[in-house]
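This report is meant for someone meeting the structure for the first time. It goes through a few loop residues, then the helices, the nonpolar cores and the aromatic rings.

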Amino acid sequence: MEELLEIFVKAFFGTIDWTVNSILFKITWYTNYFLGLVVISLAVWFFEIVFPWRKEQAVFRKGFWIDTVYMFFNFFVFAIIISGVYAILEQFFSSIGITMTSISIIDLKDLPMWGQLLIFFLVSDFVQWFTHVLLHKFNFLWRFHKVHHSVKEMGFAAHLRYHWMENIFYKPLKIFVVMLLGGFEPEQAFIVHFIAIAIGHLNHANIKLTYGPLKYIFNNPVMHLYHHAYNLPKEHRYGVNFAISLSLWDYIFKTNYIPEASGNLTLGYNDDTKMPKNFFKQLFYGFRKNH
């Protein structure tokens, strides 16, 4: 028991130390996730202000501040809270012979770094797309995912408005991907992280972008707006456009739906009026069946 407590405390305070050093810019700039999040957010927000798609939407749109709180809570505060638990789980799996390399099915070490990063990006994005589909199809998961879909006006910060339980769902799958790829976790993985953040922010931004022919590869603001649409055809009752970074999965599995490029859509879902407006109340939303 003492050993587990020691593992928990070490991971907990180690994550606090890493977070504080990030905020104080004591970490190399290109691996500083705090700095990266701030810079990418300000850049995309700037483009929203200068080139707004929905011109009547305020710069500080409805839900802007709660979305901003979610950005930093999900990426940093929750990471501190859960870090000790993940460290204990890693120790447990290691004790029964399950390590970062024990179940690998692809060995990337002989590929050039750009090839390793590309495969990691493709596989992890597909796993996230599949998980996103599950969040819509299973009621237990949908109850938590409703927090993300409670956005009524779209903007870049809505990207990271999601219930902390989604971290619980996504994190193990991301680790599983790393394990399948032979424990792939090079220092250059920050490149994939920042690309995903930038694409995710743009997808939710109040900017009209489709990327032309590249829309069949990359998710975009027009496509993702319909993912949040209140009214969808009956054949798409579970949702559409589940893409995270790459839209190609939706085109491959026929979950794409972009009838027009109108930005004036009603967003939300059937009973979204039940969603609390308070951030702290939303943290506990979804645990009851009537949610």
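Asn 241 lies in the loop between H8 and H9, and in this predicted model Asn 241 has a positive phi of about 50° although it is not a glycine. With a relative accessible area of 0%, Asn 241 is buried. The loop between helix H8 (221-227) and helix H9 (248-252) also holds Ser 245, which counts as buried at 2% relative accessibility. Leaving aside its neighbours within four places in sequence, Ser 245 is in contact with Phe 121, Asp 125, Ala 196, Ile 199, Ile 217, Phe 218 and Asn 219.

A positive phi, of about 60°, is also found at Phe 25, although Phe 25 is not a glycine. Phe 25 lies in the loop between helix H1 (2-23) and H2, and at 53% relative accessibility Phe 25 counts as exposed. The table sets out the relative accessibility of these loop residues and of two further residues that are taken up below.

| Residue | Relative accessible area | Class |
|---|---|---|
| Asn 241 | 0% | buried |
| Ser 245 | 2% | buried |
| Phe 25 | 53% | exposed |
| Phe 72 | 27% | partly exposed |
| Phe 76 | 5% | buried |

Turning to the helices, 9 of the 11 residues of helix H5 (residues 139-149) are buried, so H5 is largely enclosed by the rest of the structure. Among these buried residues are Trp 142, Arg 143, Phe 144 and Lys 146, and the buried residues of H5 pack against H3, H4, H6, H7, H8 and helix H10 (279-282).

How do the axes of helix H4 (residues 113-137) and helix H6 (residues 164-180) cross? The two axes come within 10 Å and cross at roughly 145°, and H4 passes H6 in a right-handed crossing. The residues that make the contact include Phe 120, Val 123 and Val 127 of H4, and Phe 169, Tyr 170 and Leu 173 of H6. By type, the residues of the contact of H4 with H6 divide into 9 nonpolar, 4 polar and 2 charged.

In soluble globular proteins, nonpolar side chains tend to be buried together. The largest nonpolar core here has 18 residues, of which Leu 37, Met 71, Phe 75, Phe 156 and Leu 160 touch the most other members. Two or more residues of this core come from each of helix H2 (33-50), H3 and helix H7 (190-204), and H2 gives the most, with 5 residues. A second, separate core of 16 residues includes Leu 117, Phe 121, Val 177 and Trp 249.

Phe 75 is in contact with Leu 37, Leu 160, Tyr 162, His 193 and Ile 197, when its neighbours within four places in sequence are left aside.

The structure holds 37 aromatic pairs. In one of them, the rings of Phe 72 and Phe 76 have their centres 6.4 Å apart and their planes at 25°, so the pair is stacked. Phe 72 and Phe 76 are 4 residues apart in helix H3 (residues 64-95), and are therefore separated by about one helical turn. The rings of Phe 75 and Phe 76, by contrast, have their centres 6.2 Å apart and their planes at 70°, so this pair is edge-to-face. Both Phe 75 and Phe 76 are buried. Ring pairs link these residues into a cluster whose members include Trp 18, Trp 29, Tyr 30, Phe 72, Phe 75, Phe 76, Phe 190 and Phe 194.

Definitions and conventions
Residues numbered from 1 in each chain as written. Predicted model: local features only at pLDDT ≥ 70, side-chain atom pairs only at ≥ 80, totals over all residues. Heavy atoms only, no water. Phe/Tyr/Trp six-rings, centres within 6.5 Å; stacked < 30°, edge-to-face > 60°. Buried < 20%, exposed > 50% of the residue type's maximum accessible area, 1.4 Å probe, protein only. Axes fitted to C-alpha atoms, helices over the stretch in contact; angles between N-to-C directions. Left-handed = near helix turned anticlockwise from the far one by under 90°. Contact = heavy atoms within 4.5 Å. Nonpolar A, V, L, I, M, F, W, Y, C, P; charged D, E, K, R; others polar. Core = buried A, V, L, I, M, F, W, Y, C linked by side-chain atoms within 4.5 Å.
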